[in-house]
Amino acid sequence: MSEQQKFTSRRDDAAPEPEPAVPPAAPQAQHAERDAALDSLLDEIDGVLETNAQEFVHNFVQKGGQ
Amino acid sequence: MSAVDRRIIGIETEFGVNATFREGPRLAPEEVARYLFRKVVAWGRSSNVFLSNGSRLYLDVGSHPEYATAECVDLLDVLAHDKAGELIVQDLADDAEQRLAEEGMDATIYVLKNNVDSRGNSYGSHENYLIRRDGRLERVTDTLVPFLVTRQLVSGAGRLHVVGERATYLVSQRADHMWEGLSSATTRSRPIINTRDEPHADPERYRRLHVIVGDSTMSQTTTLLRIGTTDLVLRMLEAGTIVPDLALANPVQAIRDVSRDPTGRRPLARQRGGTITALDMQRELLELASRYAAGAGIADTAPYDQVLELWDRTLHAIDTDNLALVDTEVEWVMKKSLLDSYADRHGLAPHDERLQQLDLAWHDVHPRRGLVPILQRAGRARTLVDDARVARAMHEPPQTRARLRGDFVRAAQEHRRDFTCDWVHLKLNDAASRTVVCKDPFVSVDARVEELIASIRAGSAPHTERPGSVG
């Protein structure tokens, strides 16, 4: 669970607080927030993937099933 | 649900296994699979066991771990037990990693719930639906085959298919691996519906419809669509609804064409002449199913209300080129969106191995590392059953015949009694004991089984289970 918390807090850090002067519905602010959330998600995913993609893909060979 | 008959539904999943070795000798996939099942063999003295949640866990041909959920009647129970299977197999992988480490091998084992390996070998996810035997089977299959050919638009898991430098995003994992419409074989001919008739129930009343065309699904909402739409179409056909002739001239070609057309608009040749698009076919079936559900009084009953709403919204999203409407609920859309974002961020060509890796990692069942659990925590993958319900399903059988089997297995294990069981039979392995035959899959209370369990409990004091035991 500690890792989940870590991920959550990282997302929170990355999400920019809207400036009080900027209307919250401003499309640019919304975009920025969405992009920041996506960036943090992609960071998290990069953190769990094996570093050698080629080896991971090429080694994945099974026999046929059923 | 009183207005409607209950139906037994279950899903059998063959898992792929990948392993990376940092230290020590590399093991072949078959050997890794054997390590995976050491814990099972230690527990049940066999690599083919039934667990206390009523499910079956075994090492299939081709060294795939296979998990067959217990008999469920509630669609959300199917989801919970399907997810429980992921965690049970992941638990075997954790145990195998530890055993390998003790033997000097530093390895990470990946359990992948997908349907194709990197060389194009395919393994399945089979859905079982108990149907009434009255009437000709063709009345059901004539409509069900074209339904299943096009169902991938709402239930496909998506696949990045790469040949050399050519990358194609397919709607379905399994479509390219189906070779027949109907057949009684599975491995050699791979039909869309397998007609092998093993109902595991009273054969005079029931048959078991064995659908082998489906993709393994990670997304709970997609799993609900997969079984929910099929259940509704079956109900409508069983109720005698008149359905127009939807038969396709060449289902095996059509299923490949649909998989290559995320717009759903490619014309498919009909058997009676003319063409129909996958989108129109699904629309027509949705309309018929909605009308049937309204008439049967289940259109507003959970979870059929959700099935109909999401089915409709998905077709609308495809029809209006607005896939964002379902990008947390329909798996091939969710995966496509992630692959696009990832390629964009790292500037990757469509065939890049990192994208192929991402496609595989999508199906990683690991609760922390798997991409779908990560998306869930980020609010990008909708769930329908919570973690607590899934955790319960790892040990508790659904309220069907599975309860008799699960309780029997648990008692026999706790008291260290040798036993034999399958979907229908329960037996203690000693001369005095008779086999109890449980023919009715809906019956969850049976005096004979209670007596059998009482005799186990009277025989000896229970042994406490080892922590983290399979059962």
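**The open sheet in chain B**

Three strands of chain B make up an open sheet in the order β15-β16-β17, with antiparallel pairing. The edge positions go to β15 (419–421) and β17 (436–437) of chain B; each has a single partner strand, so one side of each is left without a neighbour in the sheet. Strands and helices here are DSSP runs numbered from the N terminus, with at least two residues (E) for a strand and at least four (H or I) for a helix, and two strands pair if DSSP finds at least two bridges between them.

Before going on, a word on the source: this is a predicted model, where local features need pLDDT of at least 70 and side-chain atom pairs count only at pLDDT 80 or more, while totals for chains, interfaces and linings use all residues. Residues are numbered from 1 along each chain as its sequence is written, chains are lettered from A and ligands numbered from 1 in the order in which they are written, and side-chain values use heavy atoms, with hydrogens and water left out.

Back to the sheet: β15(B) pairs with β16 (residues 425–428) of chain B through three bridges, in the antiparallel sense. Within that pairing, Phe419(B) sits opposite Leu428(B) of β16(B). Helix α13 (residues 401–414) of chain B packs on the sheet and touches β15 and β16 of chain B, its direction making about 165° with that of β15(B). Contact here means heavy atoms within 4.5 Å, and angles run from 0 to 180 degrees between N-to-C directions, with axes fitted to C-alpha atoms, for helices over the stretch in contact. Then there's helix α14 (residues 447–459) of chain B, which lies across β16 and β17 of chain B and runs at about 25° to β16(B).

Now for the meeting of the chains. In chain A, 31 residues are in contact with 52 residues of chain B. Five salt bridges are counted between chain A and chain B, a salt bridge being a side-chain nitrogen of Lys or Arg within 4 Å of a carboxyl oxygen of Asp or Glu. One pairs Arg345(B) with Asp43(A), whose closest N and O atoms are 2.9 Å apart. On the side of chain A that touches chain B, α1 (2–14), α2 (27–48) and α3 (53–59) of chain A each supply at least two residues. Of that side, α2(A) gives the most, with 11 residues.
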